[in-house]
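Please take a moment to look at the structure shown here before reading on. The report then goes from the whole chain to single residues.

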Amino acid sequence: MNIFFYALIIFVIVYLVLNWFVKTSSKKIAKSARTLIIFLSIAFAFIMAYAGKFIFSVPFLLLVLPLIKAK
């Protein structure tokens with residue numbers, strides 16, 4: 001029974017994301033994707049640095065640099 005509820009929740013979330021994706025402009029989607037990539041990269045870099053994997057945090061920080069300058 002729990003699997004049914006999880007599948008239903010996932011289906012509703014996917015439907016809402018796809019519905020938003022279809023209705024918004026391409027500029028807003030690009031800006032949202034850029035912002036999401038920046039925040040996730042910084043979060044992953046902090047997680048890797050906190051875990052002691054400093055060498056693995058460098059690619060995440062390098063991924064953020066070109067996105068910060070782009071407007």
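## Overall fold

This is a predicted model, and the values given in this report were computed from it. The secondary structure of the protein consists of three helices and zero strands, and, when it is read along the sequence, the pattern is α-α-α.

The C-alpha trace spans about 45 × 35 × 10 Å along its principal axes. The radius of gyration of the protein is 17 Å, whereas a compact globule of 71 residues would have a value near 11 Å. Of the 71 residues, 10% count as buried, and the protein exposes about 6400 Å², of which carbon and sulfur atoms supply 80%.

Helix 1 covers residues 2-23, and its 22 residues reach 32 Å from the first C-alpha to the last, which is close to the 32 Å expected at 1.5 Å a residue. This helix is hardly covered, since the count of buried residues among its 22 residues is zero.

The structure holds one aromatic pair. Phe4 and Phe5 form this pair, and their arrangement is edge-to-face, with 5.8 Å from centre to centre and 65 degrees between the planes. The pair counts as edge-to-face because an angle over 60 degrees between the planes is the cut-off for that class. Phe4 is exposed, with a relative accessible area of 52%, while Phe5, with a relative accessible area of 40%, is partly exposed.

Thr24 is found in the loop between helix 1 and helix 2. With a relative accessible area of 19%, Thr24 is buried, because a residue counts as buried under 20%. The side chain of Thr24 reaches the backbone oxygen of Trp20 at a distance of 3.1 Å.

## Helix 2 and Ser41

Helix 2 has 25 residues and reaches 36 Å from its first C-alpha to its last, close to the 36 Å expected at 1.5 Å a residue. Which residues of helix 2 are buried? They are Ile29, Ile38, Ser41 and Ala45. Just after helix 2, Gly52 takes a positive phi of about 90 degrees.

Ser41 has its place in helix 2, which runs over residues 26-50, and the relative accessible area of Ser41 is 4%, so that this residue is buried. A polar atom of the Ser41 side chain lies 2.8 Å from the backbone oxygen of Ile37. When residues up to four places away in sequence are not counted, Ser41 touches Phe60, Leu63 and Val64.

## Helix 3 and Leu62

Helix 3 covers residues 54-69, and Leu62 has its place there. Is Leu62 buried or exposed? At 52% relative accessibility, Leu62 counts as exposed, because the cut-off for an exposed residue is over 50%.

Leu62 and Ala45 are 17 residues apart in sequence, and in space they are 9.8 Å apart, taken from C-alpha to C-alpha. Ala45 is one of the buried residues of helix 2, whereas Leu62 is exposed.

Note on methods:
Residues numbered from 1 in each chain as written. Predicted model: local features only at pLDDT ≥ 70, side-chain atom pairs only at ≥ 80, totals over all residues. Heavy atoms only, no water. Phe/Tyr/Trp six-rings, centres within 6.5 Å; stacked < 30°, edge-to-face > 60°. Buried < 20%, exposed > 50% of the residue type's maximum accessible area, 1.4 Å probe, protein only. Helix = DSSP H or I, 4+ residues; strand = E, 2+ residues; numbered from the N terminus. Polar contact = N/O pair within 3.5 Å; in protein donor to acceptor, adjacent residues only side chain to side chain. Contact = heavy atoms within 4.5 Å. Expected span 1.5 Å × (residues − 1). Rg over C-alpha atoms; globule rule 2.2 N^0.38 Å. Areas by Shrake-Rupley, 256 points an atom, 1.4 Å probe, with all protein chains shown as cover.
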